Amino acid sequence: ATERCVCRDLVRRDVDERCEWGGYGDPLIEYYNLRISSADERERLYCRWKTMKRLWYSFELISTGELAAVLSLREISRWSRSARLGIVLKPSLVNRGLGTEILRGYTRYYFTEMGFRRLFLDVARFNRRAARCYEKCGFRKYGVFWREFPGDYGVINTPQYKANAACFR
């Protein structure tokens, strides 16, 4: 738990709530938007998530009970006691320090209670807000790699996003 959130295992209703979050307005991160309205599709998504080799957690606001974030661990290695973290925050709750609060609380649990020694994550070079959050939580740059961008490359050529062109190739 953190000051504003409780952490628990992901449950089926979290997929519904996650799909109702609304979207991120930034086209560079719109692939985090889940636009799934069909109950059957949501059920399939939940089943797929739960059968992946990941640990899934939900963070719920204490004050309202609303889903604030979903966090997962993948590439879990008991041998090296490490994993790779993924997190997505509800768009309407971004820029309120909640991501930092959640990550600080979770990493304390991860290293002390779970006994892991290393935690990795990936952050897109253009996602400066997320990078600042991770740095505040103690993450350090370990390396650089390129990955396929799941969005629309055309947006990079617009004046608003031209400054991010070096993040893509």
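Which residues of H2 are buried? The legends below take up this question first, for a model that is predicted.

View 1. Arg42, Leu45, Tyr46 and Trp49 are the residues that are buried in H2. They cover an arc of only 100° around the axis, which puts them on the same side of the helix. An α-helix has 3.6 residues a turn, so residues three or four places apart point the same way. Asp40, Arg44 and Thr51 are exposed on the other side of H2. The partners against which the buried residues of H2 pack are H1 and E2.

**View 2. Length and N-terminal end of helix H2.** The helix has 13 residues. From its first C-alpha to its last, H2 reaches 18 Å, close to the 18 Å expected at 1.5 Å a residue. Its N-terminal end is capped by Ser38, with a side-chain oxygen 3.2 Å from the backbone nitrogen of Asp40.

**View 3. The buried face of helix H1.** Within H1, which spans residues 12-19, Asp14, Val15, Arg18 and Cys19 are buried. Seen down the axis of H1, the buried residues fall within an arc of 135°, so they line one face of the helix. These residues pack against several elements: strand E1 (5-9), helix H2 (39-51), strand E2 (55-61), strand E3 (67-77) and strand E4 (82-89).

**View 4. Salt bridges of Arg13.** Arg13 is partly exposed, its relative accessible area being 47%. One of its salt bridges is with Asp14, at 3.9 Å from N to O. Asp14 is buried, at 0% relative accessibility. Arg13 also forms a salt bridge with Glu60, where the closest N and O atoms are 3.7 Å apart. This pair links distant parts of the chain, with Glu60 in strand E2 and Arg13 in helix H1, 47 residues apart. Glu60 counts as buried because its relative accessibility is 16%, under the 20% cut-off.

**View 5. Further salt bridges.** The count of salt bridges comes to 14. A network of salt bridges links Arg12, Asp16, Glu20, Arg42 and Glu43. In another salt bridge, the side chains of Arg74 and Glu75 meet at 3.9 Å, N to O. Arg74 is buried, with 17% relative accessible area.

**View 6. Surroundings of Glu101.** Glu101 is placed in helix H3, residues 98-112. With a relative accessible area of 17%, Glu101 is buried. Apart from neighbours within four places in sequence, Glu101 is in contact with Thr2, Glu3, Arg4 and Cys5.

Note on methods
Residues numbered from 1 in each chain as written. Predicted model: local features only at pLDDT ≥ 70, side-chain atom pairs only at ≥ 80, totals over all residues. Heavy atoms only, no water. Buried < 20%, exposed > 50% of the residue type's maximum accessible area, 1.4 Å probe, protein only. Helix = DSSP H or I, 4+ residues; strand = E, 2+ residues; numbered from the N terminus. Arc of directions from axis to C-beta. Contact = heavy atoms within 4.5 Å. Expected span 1.5 Å × (residues − 1). Polar contact = N/O pair within 3.5 Å; in protein donor to acceptor, adjacent residues only side chain to side chain. Salt bridge = Lys/Arg side-chain N within 4 Å of Asp/Glu carboxyl O.
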